[in-house]
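Thanks for coming, everyone. Let me put the structure up, and then we will walk through its cavities, its core and a few loop residues.

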Amino acid sequence: MLFRSLRAAGCAVEVVTDRSLYGGDPITALREVPESTSRLLVVGHEPDLVELLQVLCGADVRLPTAALALVELEAPWPLLPAGRGVLHLLVGPKLLGDVN
């Protein structure tokens with residue numbers, strides 16, 4: 001539904017399934033994202049997403065089911081150092097509301 005909404009709004013959306021984040025090294029996985037990518041949506045489960053936030057921006061957060069986190073990265077993907085991201089937004093499912 002999210003991707004259909006983005007496409008309807010005129011956004012170019014490419015869906016890629018990559019399981020390397022699960023139980024892997026998140027920085028290595030992100031370094032494999034093409035440098036031309038300006039925005040990236042990562043969908044996953046615990047504990048992988050909390051670990052990813054810890055690596056990207058040093059955030060020690062609780063991420064409930066169906067939460068949304070917005071992280072801005074300063075470096076291009078291939079040069080991405082750990083701990084250099086900025087956590088701008090963390091929204092729980094109650095604030096996101098009913099999507100039906």
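**Cavities and core**

Leu21, Tyr22, Val42, Val43, Gly44, His45, Asp48, Leu49 and Leu52 line the largest cavity. A word on terms. A cavity, on a 1 Å grid over the protein atoms alone, is a set of points where a 1.4 Å probe fits but cannot get out; lining residues have an atom within 4 Å of a point. Grid points are joined across faces, edges and corners, and a volume is the space filled by probe spheres set on the points.

Now the ground rules. This is a predicted model: local features need pLDDT of at least 70, side-chain atom pairs count only at pLDDT 80 or more, and totals for chains, interfaces and linings use all residues. Residues are numbered from 1 along each chain as its sequence is written, and side-chain values use heavy atoms, with hydrogens and water left out.

Back to the cavities. The whole structure holds two of 30 Å³ or more. The largest has about 40 Å³ of space. Its lining comprises six nonpolar, two polar and one charged residues. Here Ala, Val, Leu, Ile, Met, Phe, Trp, Tyr, Cys and Pro count as nonpolar, Asp, Glu, Lys and Arg as charged, and the others, Gly among them, as polar.

The second largest cavity has about 30 Å³. Leu21, Gly24, Pro26, Asp48, Glu51 and Leu52 line it. That makes three nonpolar, one polar and two charged residues. Which helix gives the most to this lining? Helix α3, residues 48-57, with three residues.

A step back to the fold. The chain has four helices and two strands. The order from the N terminus is α-α-α-β-β-α. Helices (H or I, at least four residues) and strands (E, at least two) are DSSP runs, numbered from the N terminus.

So, α3 itself. Is it mostly covered or mostly open? Mostly covered: seven of its 10 residues are buried. Buried means under 20% relative accessible area, exposed over 50%, and partly exposed in between, with a 1.4 Å probe and protein chains only. The buried residues of α3 are Asp48, Leu49, Val50, Leu52, Leu53, Leu56 and Cys57. They pack against α2 (26-31), β1 (68-72) and β2 (86-91). Across the chain, buried residues make up 20% of the 100 residues.

Next, the largest nonpolar core. Twelve residues form it: Ile27, Leu30, Val33, Leu49, Val50, Leu52, Leu53, Leu56, Cys57, Ala59, Val61 and Leu63. The largest share, six residues, is from α3. By definition, such a core is a set of buried Ala, Val, Leu, Ile, Met, Phe, Trp, Tyr and Cys residues joined through side-chain atoms within 4.5 Å. In soluble globular proteins, nonpolar side chains tend to be buried together.

Last, the loops. Just after α3, Gly58 takes a positive phi of about 70°. Ala66 also has a positive phi of about 70°, although it is not a glycine. Ala66 sits in the loop between α3 and β1. Ala66 counts as exposed because its relative accessibility is 52%.

Ser38 is in the loop between α2 and α3. Why does Ser38 count as exposed? Because its relative accessibility is 65%. Ser38 and Pro76 are 38 residues apart in sequence, and 8.9 Å apart in space, C-alpha to C-alpha.

Technical notes: 1 Å grid on protein atoms, 1.4 Å probe; cavity = no way out; pocket = protein on both sides within 12 Å on 5 of 7 lines; lining within 4 Å. Contact = heavy atoms within 4.5 Å.
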